[in-house]
Amino acid sequence: MANHPSALKRYRQSQKRRLINSKNAHKLKTQLKKLKVAVAAKKSADAKGLVPDTFSLIDKSVQKGVIKKNTARRYKSRLAK
């Protein structure tokens with residue numbers, strides 16, 4: 001554990017950031033799972049409703065640094081199929 005005041009502050013900041021990052025990543029994974037389950041169950045009406053929300057969340061995840069740009073493109077391409 002750090003002893004220097006600035007190092008302690010940095011530690012507190014990193015802990016807050018870690019929680020935010022994990023929430024964002026979990027939100028993305030949950031949304032992807034919902035869409036994949038709807039597609040697997042052949043519920044096309046549900047899947048079509050989830051696609052815009054999922055794509056939006058993928059784009060937001062890129063902006064927040066949860067995933068990289070090419071990963072997002074790959075996810076969107078595979079889901080669009």
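Me: Let's start with T54. Which helix is T54 in?

Reply: Helices here are DSSP runs of H or I with at least four residues, strands are runs of E with at least two, and both are numbered from the N terminus. T54 sits in helix α2. Keep in mind that this is a predicted model, where local features need pLDDT of at least 70 and side-chain atom pairs count only at pLDDT 80 or more, while totals for chains, interfaces and linings use all residues. Residues are numbered from 1 along each chain as its sequence is written, and side-chain values use heavy atoms, with hydrogens and water left out.

Me: Is T54 buried or exposed?

Reply: Buried means under 20% relative accessible area, exposed means over 50%, and partly exposed is in between, using a 1.4 Å probe and protein chains only. T54 is buried, at 1% relative accessible area.

Me: What does T54 touch?

Reply: A contact means heavy atoms within 4.5 Å. Not counting residues up to four places away in sequence, T54 touches Q31, L32, L35 and L79. There's a polar contact to look at too, meaning a pair of N or O atoms within 3.5 Å; within protein, one must be able to donate a hydrogen and the other to accept it, and residues adjacent in sequence count only if both atoms are side-chain atoms. A polar atom of the T54 side chain lies 2.7 Å from the backbone oxygen of L50.

Me: And S61, where is that, and what is around it?

Reply: S61 lies in helix α2 and counts as buried, with 4% relative accessibility. Its side chain has a polar atom 2.8 Å from the backbone oxygen of L57. Leaving aside neighbours within four places in sequence, S61 is in contact with L28, V66 and I67.

Me: Next, salt bridges. How many does a search of the whole structure find?

Reply: A salt bridge is a side-chain nitrogen of Lys or Arg within 4 Å of a carboxyl oxygen of Asp or Glu. The search of the whole structure finds one. In it, the side chains of K76 and D59 meet at 2.9 Å, N to O. K76 lies in helix α3 and D59 in helix α2, so the pair ties together parts that are 17 residues apart in sequence. K76 is partly exposed at 23% relative accessible area, and D59 is partly exposed at 35%.

Me: I'd like to find a pocket. How does one look for empty space?

Reply: Rolling a probe the size of a water molecule over the atoms shows where empty space is left. On a 1 Å grid over the protein atoms alone, a cavity is a set of points where a 1.4 Å probe fits but cannot get out, and a pocket is an open set with protein on both sides within 12 Å along at least five of seven lines; lining residues have an atom within 4 Å of a point. Grid points are joined across faces, edges and corners, and the volume is the space filled by probe spheres set on the points. Here, the largest pocket holds about 160 Å³ of space.

Me: Which residues line the largest pocket?

Reply: They are L35, K36, V39, A47, K48, V51, R78, L79, A80 and K81. Two or more of the lining residues come from each of α1 (5–40), α2 (44–64) and α3 (69–80). For classes, Ala, Val, Leu, Ile, Met, Phe, Trp, Tyr, Cys and Pro count as nonpolar, Asp, Glu, Lys and Arg as charged, and the others, Gly among them, as polar. That gives the lining six nonpolar, no polar and four charged residues.

Me: Last one: what is phi like at K42?

Reply: Most residues other than glycine have a negative phi, and most peptide bonds are trans. K42 has a positive phi, near 60°, and is a residue other than glycine. You'll find K42 in the loop between α1 and α2, where K42 is exposed, with 75% relative accessible area.
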